[in-house]
Amino acid sequence: MYLNAIGPVIAIWLIYQDGSVAQNEESPFWLMLYGGFGISVGLWVWGQKVIKTIGEDLTKINPSNGFCIELGAALTVLMASKIGLPISTTHCKVGSIVFVGWARSRDGVSWKLVRTIIFAWILTLPASSALSAAAMAILVAVAS
């Protein structure tokens, strides 16, 4: 669920520690351990449900479909990274799964689940914006 969250946490810590946005130090090992612990807990708590939802409920996946899904997602991430677009690997993976399921059979994809996933993605934008604004307001109030 929060697999990619340790990068911003490390950036915030290093900015706090150095007082500068220019990052010259390596990531603190203890924060990397914290991130690894968080990933492990997230996988333990939600991993099986997420894997079942994406790997079984969205569309049925067999080894050849899985290869196409991985190849499509990897090529998309590589191309986007090459041209400098920020991209979500999760979105790429789900998009690959949907497209491969759709290419195999028009009825092979649970479109209701696709709508739910897209709605959740759209909902995260204002939610993360509100949480970020609240965090900034708290930090400004504390720092002033």
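This is a predicted model: local features need pLDDT of at least 70, side-chain atom pairs count only at pLDDT 80 or more; totals for chains, interfaces and linings use all residues.
Visitor: What span do the residues of helix H1 have?

Guide: H1 covers residues 6–18, and its 13 residues should span 18 Å at 1.5 Å a residue; the end C-alpha atoms are 18 Å apart, which agrees. Just after H1, Gly19 takes a positive phi of about 75°. Ile6 lies in H1. Contact means heavy atoms within 4.5 Å. Not counting residues up to four places away in sequence, Ile6 touches Leu31, Tyr34 and Gly35. Ile6 and Lys93 are 87 residues apart in sequence, and their C-alpha atoms are 21 Å apart in space.

Visitor: Back to H4: which of its residues are buried?

Guide: The label rests on relative accessible area: buried is under 20%, exposed is over 50%, and partly exposed is in between, with a 1.4 Å probe and protein chains only. In H4, the buried residues are Cys92, Val94, Ser96, Ile97, Val98, Val100 and Gly101. What covers them includes H2, H3 and H5.

Visitor: Which residues make up the largest nonpolar core?

Guide: A nonpolar core is a set of buried Ala, Val, Leu, Ile, Met, Phe, Trp, Tyr and Cys residues joined through side-chain atoms within 4.5 Å. The largest one here has 11 residues: Ile54, Leu58, Ile69, Val94, Ile97, Val98, Val100, Val109, Leu113, Val114 and Ile117. Two elements give two or more residues to this core, helix H4 (89–104) and helix H5 (111–143). H4 gives the most, with 4 residues. Take Ile69 as one member to follow on screen: beyond four places in sequence, Ile69 touches Ile61, Lys93, Ser96, Ile97 and Val100.

Visitor: Where is Thr59, and which side chain does its own side chain meet in a polar contact?

Guide: A polar contact is a pair of N or O atoms within 3.5 Å; within protein, one must be able to donate a hydrogen and the other to accept it, and residues adjacent in sequence count only if both atoms are side-chain atoms. Thr59 sits in the loop between H2 and H3, and it is buried, with a relative accessible area of 4%. Its side chain makes a polar contact with the side chain of Arg104 at 2.9 Å. A polar atom of the Thr59 side chain also lies 2.6 Å from the backbone oxygen of Gly108. Leaving aside neighbours within four places in sequence, Thr59 is in contact with residues including Ile54, Ile97 and Val109.

Visitor: Is Asp57 buried or partly exposed?

Guide: Asp57, which lies in helix H2 (residues 29–57), counts as partly exposed because its relative accessible area is 35%. The Asp57 side chain makes a polar contact with the side chain of Lys52 (3.0 Å). Asp57 and Val109 are 52 residues apart in sequence and 8.4 Å apart in space, C-alpha to C-alpha.

Visitor: How many disulfides does a search of the whole structure find?

Guide: A disulfide is a pair of cysteine sulfur atoms within 2.5 Å. The search finds 0. For Cys68, the nearest cysteine sulfur is that of Cys92, 16 Å away. Cys68 is partly exposed at 43% relative accessibility, whereas Cys92 is buried at 9%.

Visitor: Which residues does the UniProt annotation "transmembrane region" cover?

Guide: UniProt positions are given in the numbering used here, feature names are shortened, and annotations may be inferred rather than shown by experiment. The unreviewed entry gives residues 29–46 and 118–143. In the model, residues 29–46 are 100% helix, with end C-alpha atoms 25 Å apart. Residues 118–143 are 100% helix too, with end C-alpha atoms 38 Å apart.

Methods
Residues are numbered from 1 along each chain as its sequence is written. Side-chain values use heavy atoms; hydrogens and water are left out. The expected span of a helix is 1.5 Å times one less than its number of residues.
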